[in-house]
Amino acid sequence: STYEIAYVTNGGNAVTPHTAPYGSKLTKPTCTKVGHTLEGWYTEAACTNKWDFAVSTVTGATTLYAKWSANIYTVTFQSNEGSPVDATTATFDNTIAKPTDPTRQGYAFAGWYRNQSLTIAWDFASDKVQNDTDLWAKWTAIVDIDVPLDPKISIDAQGKVTTGADATRSFVSRSPKPVLVTGISCTSTTSTASIFPDTAQWPGIKITLVDPTDPYGGIGVRINRNAQASFTIPAAVSPASAELPIEFGLSLPRDIKLSYTDTQEGLPIATLSYTFEFLS
């Protein structure tokens, strides 16, 4: 006698049913399912009793059921010169948790991408792992500058200009491109009026900044005014930073009214702030 042999593939490719004589052994069919590994064929839908193709024989009409296990894949994070990010694993067709953002000197992290050319972003909320996967970090260069630690300009009893606690008086850059100081704004402080009581003369007060390497290229900015600047801070070469030293000075009109006592020494007369842009 011969009996019908059928296969339920449970999501795998179809297997053609056939007949087999009583007492015969079956040839294990080829069956695949994307993202899964075949654990075996079973004699019931619950997949508890496994059919052993080396031993089991046909005793009647038989239906065999495929049992699958989802594959586990590795997701590798290519940080593109950023800090390392550990690889993770994921079961087929599952999402992964977003790792802590890597860091890179002079750059802002701009996300993970599916491709090395950084054109297809990975969405951690919806994208699912289908195989071993590399994700690539995208970076955007940023202006990463330290300005003098205390940019408040003050004078002492001898007329010496100081910048508070800042000893180096340097712009320090960690940016990967040269950075241009494009503008400086000079704002009066609460003590400006006590040292220079005639506010009408304030526009004549000028804070000067000079690059020691280019003493003829200094910038002067007046109280409560803005000035264009053209200092260039060199590009940093990671992991080192680049510095641009600056010397501060004070230029006063000849007829300026100055009210100064020892108790006012070190009071700030102006605060400077800066604007920057990348040089291409």
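Colleague: How many positive and negative side chains does the protein have, and how far apart are the centres of the two sets?

Modeller: There are 20 positive and 26 negative side chains, with the two centres 4 Å apart. Lys and Arg count as positive, Asp and Glu as negative; His and the chain ends are not counted. Each charge is placed at NZ of Lys, CZ of Arg, CG of Asp or CD of Glu.

Colleague: What are the ground rules?

Modeller: This is a predicted model; local features need pLDDT of at least 70, side-chain atom pairs count only at pLDDT 80 or more, and totals for chains, interfaces and linings use all residues. Residues are numbered from 1 along each chain as its sequence is written, and side-chain values use heavy atoms, with hydrogens and water left out.

Colleague: Why is Ser191 called buried?

Modeller: Buried means under 20% relative accessible area, exposed over 50%, partly exposed in between (1.4 Å probe, protein chains only). Ser191 has 8%, so it is buried. Ser191 lies in the loop between strand S13 (179-187) and helix H1 (192-195). Beyond neighbours within four places in sequence, Ser191 is in contact (heavy atoms within 4.5 Å) with Leu267, Pro268 and Ile269.

Colleague: Why is Ala70 called partly exposed?

Modeller: Ala70 has a relative accessible area of 36%, so it is partly exposed. Ala70 lies in strand S4 (residues 62-70). Apart from neighbours within four places in sequence, its contacts are Gly35, His36, Thr91 and Phe92.

Colleague: How do you know that S12 and S17 pair?

Modeller: Pairing takes at least two DSSP bridges between two strands. Four bridges join S12 (residues 170-173) to S17, and the strands run antiparallel. Ser173 stands opposite Ala242 in S17.

Colleague: What makes S9 and S17 edge strands?

Modeller: The open sheet has the order S9-S12-S17, with antiparallel pairing. S9 (145-146) and S17 (242-245) each pair on one side only.

Technical notes: Helices (H or I, at least four residues) and strands (E, at least two) are DSSP runs, numbered from the N terminus.
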